[in-house]
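Please read the following note beside the sequence and the model. The points begin with one residue and then widen to its surroundings and the whole chain.

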Amino acid sequence: MEHNENLISETENRLHIVIPKVYREFLLSGKETEFDDGILYDIEAVAERYATLEFSEYAPELIPIGNDNGDFELVMKSGSNVTKFGFLEQGAIGTAKPAHLQSFTQWYESGHPFSQEKKENVDWSAKVQVILVKCPENKAKTLMQIRKALRLETPIAELLVAAEHTPCVLTEQLTAAIAKKIIEQEKLESWLKIKF
């Protein structure tokens, strides 16, 4: 869904919460929110989960921002300057604190793994896998763009076949920092992610 400041502010006022600046910026950026291993909520889903999981009653200081496709909610504290999120089991709302706290921005940029293993320090100089996570809609054109951006030597015919069997690894030759920069500059976040 398209997000704007008014929609976010209306939700904040209705629920008496403050969406953290980092998540507000994420919502306004229009970046990918649905992944194989979990989902990040748009503002309507934030409001719906806040109500149905009874955060307002049992943990009003927490905001649900996603789910691991299972029993764990990704939550952030209400507040403009909050930058970290954690995992909270749905049945423990109001009785436990979020676990595995980590920077939302670093987590998203490092491939947004929904597993609860905390990466203490991301080594941006390490070689990573660049993964094609889904088949692009405009397949041939997008794959040619990806091939050029990543400087792949794989023939386009092979890439077209590989795209039908996603997720698939395209290269393991780039460092995390370079892969991240290419993906962002070429606006390929919808199709590519990096895996450490």
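Does E32 count as buried or exposed? At 18% relative accessibility, E32 counts as buried, because buried means under 20% relative accessible area, exposed over 50% and partly exposed in between (1.4 Å probe, protein chains only).

1. Basis of the note. This is a predicted model, in which local features need pLDDT of at least 70 and side-chain atom pairs count only at pLDDT 80 or more, while totals for chains, interfaces and linings use all residues. Residues are numbered from 1 along each chain as its sequence is written, and side-chain values use heavy atoms, with hydrogens and water left out.

2. The surroundings of E32. This residue is found in the loop between α2 and β1 (34–35); helices (H or I, at least four residues) and strands (E, at least two) are DSSP runs, numbered from the N terminus. Not counting residues up to four places away in sequence, E32 touches F26, Y108, K134, E189 and S190, where contact means heavy atoms within 4.5 Å.

3. The neighbour T33. The loop between α2 and β1 also holds T33. T33 is partly exposed, with a relative accessible area of 24%. Residues up to four places away in sequence aside, T33 touches F26, G38, I39 and L40. The C-alpha atoms of T33 and S190 are separated by 9.1 Å, although these residues are 157 residues apart along the chain.

4. Helix α2. The buried residues in α2 are V22, Y23, R24, F26 and L27. The partners against which the buried residues of α2 pack are α1 (5–15), β2 (38–40), α3 (43–52), β3 (62–67), β4 (72–77) and α5. Just after α2, G30 takes a positive phi of about 75°.

5. Aromatic pairs. The structure holds 13 aromatic pairs; rings of Phe, Tyr and Trp (its six-membered ring) pair if their centres lie within 6.5 Å, and planes under 30 degrees apart count as stacked, over 60 as edge-to-face and the rest as tilted. The rings of F26 and F104 have centres 5.4 Å apart and planes at 75°, so this pair is edge-to-face. The pair links distant parts of the chain, with F26 in helix α2 (residues 21–29) and F104 in helix α5 (residues 104–109), 78 residues apart. F26 counts as buried at 6% relative accessibility, and F104 is buried with a relative accessible area of 2%. Ring pairs link Y23, F26, F35, F85, F87, F104, W107, Y108 and F114 into a cluster.

6. T142 lies in helix α6 (residues 139–150). T142 is buried, with a relative accessible area of 8%. Leaving aside neighbours within four places in sequence, T142 is in contact with P136 and W191.

7. The chain as a whole. There are eight helices and nine strands in the chain. Buried residues make up 41% of the 196 residues. Among contacts between residues at least 6 apart in sequence, 58% join residues at least 24 apart. Along its principal axes, the C-alpha trace spans about 55 × 35 × 25 Å.

8. Radius of gyration. Which value does the chain have, and what would a compact globule have? The chain has 18 Å, which agrees with the value near 16 Å that a compact globule with 196 residues would have. The radius is taken over C-alpha atoms, and the globule rule is 2.2 Å times the number of residues to the power 0.38.
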